[in-house]
Amino acid sequence: MGVTEMKTDANTTRRGFIKVVSVAGAGLVLGFHLPANEKKFNSEYGDGNFTPNAWLKIAPDGSVSVTVARTELGQGVRTALPMILAEELEADWSRVGIEPAVADPKYGEMTTGGSTSVRVSWMPLRKAGAVAREMLIASAALTWGALRESCRAENGSVIHIPSGRSLSYGSLAEKAAKQPVPSDVPLKDLKNFKIVGQSLPRLDSRDKIQGSAVYGLDFRLPGMLTAAVSRSPVFGGTVKSYDDKKARSLPGVRNVLQIQRGIAVIADSTWAAFQARDALSVIWEEGKASGLGSAGIRAIFDERITGEGAEVRREGDPLGALEKAAGKVEAEYELPFLAHAQMEPMNCLADVRKDSAEIWVPTQSPQWVQGAVAEVAGLSPEKVIVHTTLAGGGFGRRLMVDYAIEAAQISKAAGAPVKVVWNREDDMRHDYYRPASLHRLKAGYDGTGKLTSWVHRIAAPSISAQLFPDAKPENPPYAVDGAANIQYNVPNILVSYSMSNTPVPVGWWRSVYNSQNAFVNESFIDEVAAAAKVDPFDFRRKHLPEDSRLRKVLELAASEAGWGKPTGGGRGRGIACHSSFDSFVCHVAEVSVSGKILRVHRVVSAVDCGIVVNPAILRAQIEGAVALGLTAALKGEVNIENGSAAIGNFDDYPLLIMEEMPEVEVHIIKSNEEPTGIGEPGLPPIAPAVTNALFSLTGVRIRKLPIRLTG
Amino acid sequence: MASISLTVNGDIKLVDVIPETPLLWVLRDTLRMTGTKFGCGRGLCGACTVHIDGEAAHSCITPVEYAEGKKITTIEGLARDPQNPLIRAWLLEEVSQCGYCQPGQIMTAAALIAKRTKPTDADINSAMSGNLCRCGTYTRIRRAIQRAATWELRR
């Protein structure tokens, strides 16, 4: 449903959704609530008893600040969210800024993940802006003794239309705060949007490039000490014994102590802590992961996938239809564990005192940090203040709280504020990896080249089973995201999941299980198209419903890429599309091969994520998703040796470099649908677009990532 | 410990540190200049890039004693000039996402355009190959460098 049609429901605010929380002299301050997800939205505003978790302040000097509980990871939320509010407020964008929120359980869910920030904040931010606008207009009308209808708001001022007089928001703020909060406010028509839809520059760009932005690693407290931790290289290992004599003798070392996860060295500086940590001699009790290697993990997957597995989706008679098919294709796909490798290594500054604690941390989940630290410190959560700092990338790694637990344990034991700093090797070897997975597929098609059957069996570790072993397993399992809900029409389908847990820590990695399942789906559909001797674009198109949003992006990307026309220059072209986080993305990749080197020259993308708040940020997110997904396709692999991650630094876990980055051309579907996610959906289809292009060029089908050409 | 005299962005700084301490940690921990970033500690990612006597250097593997008596420039020094073409070009091209690697990228780019006034794509690829970005800002960086080089010529 388009926004403009939502007259009866969403165009009005419900009573109690927004509160004035101003104190005298502060101007107009409204508190409102951003829900954790869309479903909760309507139920949360029923009775007017809500606690704000977001604030809008219009100061007497005319500056507008928005406080929201979302972490800036480079995805642009600190710009996109204020834009939505400023649109309805009719604010002067040059006076709008953003302040981060402090974690508190009363503020509700603050996690930044699942490409949710814009999706769930869209309507509440618009309503908050509209309420403030109406209160400012009402106070101006009162000042002039004019009718509300004779006034309008524009660019940070209220204008009296007949006389042309105007009053700035700053001058009206105090008076507006005394106006009743209107329960029904009109929302703007999309066609009158001035801010939303513009490629406005990010609010934080200058600080970042001048070196003045403060990331977690940059934050200091007076009297702060720095710690480095020696952790068991084998997953789940514990300290058997240790010798710290040499470490303690080094300059700048204050203390050495044992914590749950290993041995911590506390020092005056980062370098002193690193040096002393390396001087420790620790003997580990390796535990049950001892001796486990990549082959052993593959054996677990093989054993599990041949069992029944949980049937997540079954329609028609998939096995019977396979028997009757005119043509059949079978294949096995395999994907590795992947590290996040965000540029800023994990770090956390904790100041745990007897009666309270304060934490400064680049995290995507400040409230999980709060809960975890409260437990370590023996405090109730409201005694723990979590300051979310700027983060040097996240990609899902900062949803975990392990680094904060370490910092809290060390600070508590040391009785001082302590910043725990991980070096790159710590970060690579103690990640929560994108799960490895094994996939077995079968498909059948009829004499006209129509899919008649699709069977997809998945073996992979469950992130939630490892993290929340006592919780009821989610249904459907996250591991089938993008597999069970495959968008192609097929009358007989079976998708099953064999949970295959290993001691390797697993976690959320940009687009989560969509990253594996889109590669598998979109490679295998290409295989079926090739077997049926149908063009891969035509094959996909034919199997997508006519009104499908995925079909629209498929068609747009194909036409912009010149699908069907010769590529020239020895290049091959491949296509792949996928829907995740309620958005739709198609990539067409152009590649060439020289010896063992695969080059990706150009990626043409089409995206439908509903209304676009900031097209420049959207384009950057697609470029970023292409880069991360391409790194995974070309290079990403964490092998397991003796229960450890066999990587250490960027020499053995290489990232894409500049000359390997293709030109990315982003085409956006114009839409009046509500905005959906954009941080993740660009990632899943890039790897299969590249491997499908390789197939069209060379006939080589890649069923295992990363791509290793034999030359 | 030893007393070492450093010239950072034109200012003389006396620091009392272990002579083998990497320049990166002296800048960050001792001098509290945190624009220079820690990424890998082994000269593999470029986040810690500074200039030593005008040459781009990985401060994470440069012992501070090596930099004594030499001219050190960090991102804070380069950014003192608000009209610096690289800063302007980075803003115009909206390069930054998470932004963490960008000070290092800019320092490497500055050393490049000081030598090559009209850098080709190949020059840029080669000079920037040691600066990693996980957010995928590479094509914007290349465009920003080309733009800045053009502006620098006109200055």
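Into which domains is chain A divided? The assignment gives domain 1 (3-201), domain 2 (216-287 + 346-421) and domain 3 (294-338 + 433-698). Domain bounds come from an automatic or database domain assignment. This is a predicted model, in which local features need pLDDT of at least 70, side-chain atom pairs count only at pLDDT 80 or more, and totals for chains, interfaces and linings use all residues. Residues are numbered from 1 along each chain as its sequence is written, and chains are lettered from A and ligands numbered from 1 in the order in which they are written.

**View 1. Domain 1 of chain A meets domain 3 of chain A.** Their C-alpha centres lie 39 Å apart. Contact joins 21 residues of domain 1 to 20 residues of domain 3 (C-beta atoms, placed from the backbone, within 7 Å). On the domain 1 side, α2 (77-89) and α3 (117-144) of chain A each supply at least two residues. α2(A) gives the most, with four residues. By class, this side has nine nonpolar, 11 polar and one charged residues. Ala, Val, Leu, Ile, Met, Phe, Trp, Tyr, Cys and Pro count as nonpolar, Asp, Glu, Lys and Arg as charged, and the others, Gly among them, as polar. Helices (H or I, at least four residues) and strands (E, at least two) are DSSP runs, numbered from the N terminus.

**View 2. Domain 1 of chain B touches domain 2 of chain B.** Chain B is assigned domain 1 (2-78) and domain 2 (85-154). Their centres, taken over C-alpha atoms, are separated by 21 Å. Here 16 residues of domain 1 are in contact with 13 residues of domain 2. β3 (49-52), β4 (55-58) and α3 (75-78) of chain B each supply at least two residues of the domain 1 side. The largest share, three residues, comes from β3(B). Seven nonpolar, seven polar and two charged residues make up this side.

**View 3. Helix α1 (residues 23-30) of chain B is largely enclosed by the rest of the structure, because seven of its eight residues are buried.** A buried residue has 20 or more other C-beta atoms within 10 Å of its own, with C-beta atoms placed from the backbone. The buried residues are Leu23(B), Leu24(B), Trp25(B), Val26(B), Leu27(B), Arg28(B) and Asp29(B). They pack against α7 (270-278) of chain A, and against β2 (11-17), β3 and α2 (64-67) of chain B. Arg32(B) follows α1(B), and the phi of Arg32(B) is positive, near 60°.

**Confidence.** The model scores ipTM 0.98 and pTM 0.93. Chain B has a mean pLDDT of 96 (the predictor's confidence in each residue, from 0 to 100).

Note on methods
Contact = placed C-beta atoms within 7 Å. Buried ≥ 20, exposed ≤ 12 C-beta atoms within 10 Å, placed from the backbone.
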